[in-house]
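Subject: Structure for you to look over

Dear colleague,

I am passing on the structure we spoke about, together with notes on what turned up when I went through it. Please open it alongside this message and read the two together.

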Amino acid sequence: MKYSSLYTFFAFWIIASTFVAAGLDVYIRYSENAFEFPMYFIFFIATVISSLPGFLVVWACIYFIQISSRPSRAKLIRFFKQLYTIAVIYGFLAALILYAFGFENTFGFPGIAVTIIGILVISIFITSEILSRRIADALFIPGLSHFSSLQIFAFIFSSTHKKTNMEISEQQTDPGKPSHSYLAKGFITGFLILLMLIPTIFIYNLVTERQDRQQEVVSEVSSKWASAQTLSGPFLVVPYNYSVTNNDGKMVPAIKNIIMLPENLHVVGNITPEERKRSIYTVLLYKSDLNFKGNFNIKIPEDIIPENLDFKSARICFSLSDFKGIEEEMLLQYNGETVHFAPGLPVADFGKTGLSAPVKFDSSFLNVPINFELNMKLKGSSQLHFMPLSANSSFQLSSAWPNPSFDGNSLPGKHSVSEKGFSANWDFNQANLPFGTVMSENDITKFETTQNNQVQYDEPQRNAHKNEEVKNDLSFGVSLVQPADQYDQTLRSVKYAILIIGLSFAFFFIIEIMQKKPFHPVQYVLVGLALVIFYTLLLSLSEYILFDYAYLIAALATVSLISFYVKSHFKSWKTAGIFFCLLSFLYGCIFILIRLEDTALIVGSIGLFVILAIVMYASRKINWYGNPGKIAYE
């Protein structure tokens, strides 16, 4: 039965558009820009409309293909060359449009382009398999009931089709000698490598999604326990009465707060980590026992009139990040008296959240040491920071947690870290502070840590931001780090997927040539899927057991599966053993690269150089041209 070219290629257009829309819907749905509602029908309509010009171009060329005196294979190759060329152009333009409108991808614009082009090529490939007989009839190729899209794809990249007029049905008379040239097989292998990178994008997004889920669990548990804490204080706040000139030129009374910092402050703290389980996730929390001890020795600057200070309204303040972390009532020993704190701060220079209490303070307390001491039990999560608000201060922290990260504006002057825990000491003096021990409210200037990394604000914006900037610029402390975050290491391993897939396919390509027993592209795809499933195994196992064990189990399962598959194809345990050793070595190298940080680049470069040298040595005797006039492995 004959089919008209219009009917056939209209069906081709609609079926291919259906597959393209499905592929785009899956890709967008699992990307970082996933929509909250199905987009399949929108993508289908957009694909049909946008592909109409390309469809008309191909259909216009059908007439010239039909009347051509070329052999059947040449007609098919010309037809599919047009299709795949248009697919590449459309894929590139679609990726450019998505990228221009802000669509993001883990691998940037190249990742978007490769993925969309891959979706278009695969859609054309599948549709051509479904409509192969109708396409042959529409192109006036008599006697051809079916053709292989894989063979056509190979011939597109091969120049050997010009050397013979054999029909596709007559090409492969000997199943042991495939009709592909080395060049064509190399192009197919390279395309399959790029094709198998598409699932790794979804794997990468899956890992990111699981990591985000872990962060949600951590945030949820931390919000019910207590968040990361930043402490500052104690410090005194005293109202100050003064006069200002209003818009009418009259002097009117005004009040502002004067902040007074301690002369000496000594903080000693012990941090007790606690791990809480929520579903399959572990959340790291802590309890701390802190002691603040020091004294005030207030020296009023010349620009402040002592008689204008409202000593009766003086308050002592202490700021922190989260009230929920306070386990016991905070009692301050101030000049021999016990002071009870209550929520609320009269100023927000060192934080918006905190406690304060009225204290006895008058002119007789000026230039006289006023001792204080505060014990507090504080809960938090992951991080404990301080602000060195004193002319002279020292901080001593210790914990049984063996994985600290000393961060913030200052590193400890002395520290020790071992399997039993850590201890750290910080020391500061007046020269370390960007302001004096007595200042007016909102009179703190930003502490510029560098000259080349400054944020410029207009005056209203600066007033809104400067308190937070001071807090961020001055705070220091320790973060309790959970070692071997499985998601970070899995993400790093996914980034090396192109090495795993590319080198594995290269091994197959070299060995099949040496043994003169070709590996079918479908078999390459199966092996590629096994290599991709390694990452899902690694991700799922690492959520229950240590990452090292998860990597070992996933790699061993993948390498064993591929090795047994090689044995079934090449009928040789020796070849299977070679593959087992090569893939094991490859996964071992990737594991080392994941473990390394600063030296990963040089070690990886040396490893790639060694692997390339091995491949070049193993392939030195291969006759890449084969025998003249034959399209076979010789």
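This is a predicted model: local features need pLDDT of at least 70, side-chain atom pairs count only at pLDDT 80 or more; totals for chains, interfaces and linings use all residues.

The whole protein

The protein contains 14 helices and 17 strands, and 47% of its 634 residues count as buried. Its accessible surface comes to about 31,600 Å², and carbon and sulfur atoms hold 60% of that area. Among the contacts with a separation of 6 or more, 76% are accounted for by residues 24 or more positions apart.

The crossing in which α10 passes α11 is right-handed. On the α10 side the contact is made by A497, I500, I501, S504, F505, F508, F509 and E512, which meet Y524, V527, G528, L531, V532 and Y535 in α11. Sorted by class, that contact has 11 nonpolar, 2 polar and 1 charged residues.

In the other pair, the axes of helix α12 (residues 547–570) and helix α13 (residues 573–595) come within 8 Å and cross at roughly 155 degrees. By the reasoning used above, α12 is therefore roughly antiparallel to α13. Here too the crossing is described as right-handed, with α12 passing α13, and the residues of the contact divide into 18 nonpolar, 5 polar and 3 charged.

Helix α9 (residues 486–495) deserves a separate entry, since 7 of its 10 residues are buried and the helix is thus mostly covered. The buried residues in α9 are Q486, Y487, Q489, T490, L491, S493 and V494.

Backbone details

Most residues other than glycine have a negative phi, and most peptide bonds are trans.

The peptide bond that joins G233 and P234 is cis, with omega at about 0 degrees, and P234 is found in strand β1 (residues 229–245).

N367, which is not a glycine, has a positive phi of about 60 degrees; N367 sits in the loop between β9 (354–358) and β10 (370–381). Its relative accessible area is 52%, so N367 counts as exposed.

S382 also has a positive phi, near 65 degrees, in a residue other than glycine, and S382 belongs to the loop between β10 and β11 (383–386). With 33% relative accessibility, S382 counts as partly exposed.

One lysine

K256 lies in strand β2 (residues 251–260), and because its relative accessibility is 28%, K256 counts as partly exposed. Which residues does K256 contact, leaving aside its neighbours within four places in sequence? They are V238, P239, Y240, Y242 and S440. The C-alpha atoms of K256 and N241 are separated by 6.7 Å, although these residues are 15 residues apart along the chain.

With best wishes

Technical notes: Residues are numbered from 1 along each chain as its sequence is written. Side-chain values use heavy atoms; hydrogens and water are left out. Axes are lines fitted to C-alpha atoms, for helices over the stretch in contact, and angles run from 0 to 180 degrees between N-to-C directions. Helices (H or I, at least four residues) and strands (E, at least two) are DSSP runs, numbered from the N terminus. Angles under 35 degrees count as roughly parallel, over 145 as roughly antiparallel, 65 to 115 as roughly perpendicular and the rest as oblique. A crossing is left-handed if the near helix is turned anticlockwise from the far one by less than a right angle, and right-handed if clockwise. Ala, Val, Leu, Ile, Met, Phe, Trp, Tyr, Cys and Pro count as nonpolar, Asp, Glu, Lys and Arg as charged, and the others, Gly among them, as polar. Buried means under 20% relative accessible area, exposed over 50%, partly exposed in between (1.4 Å probe, protein chains only). Contact means heavy atoms within 4.5 Å. Accessible areas come from the Shrake-Rupley method with a 1.4 Å probe; for residues, only the protein chains shown count as cover.
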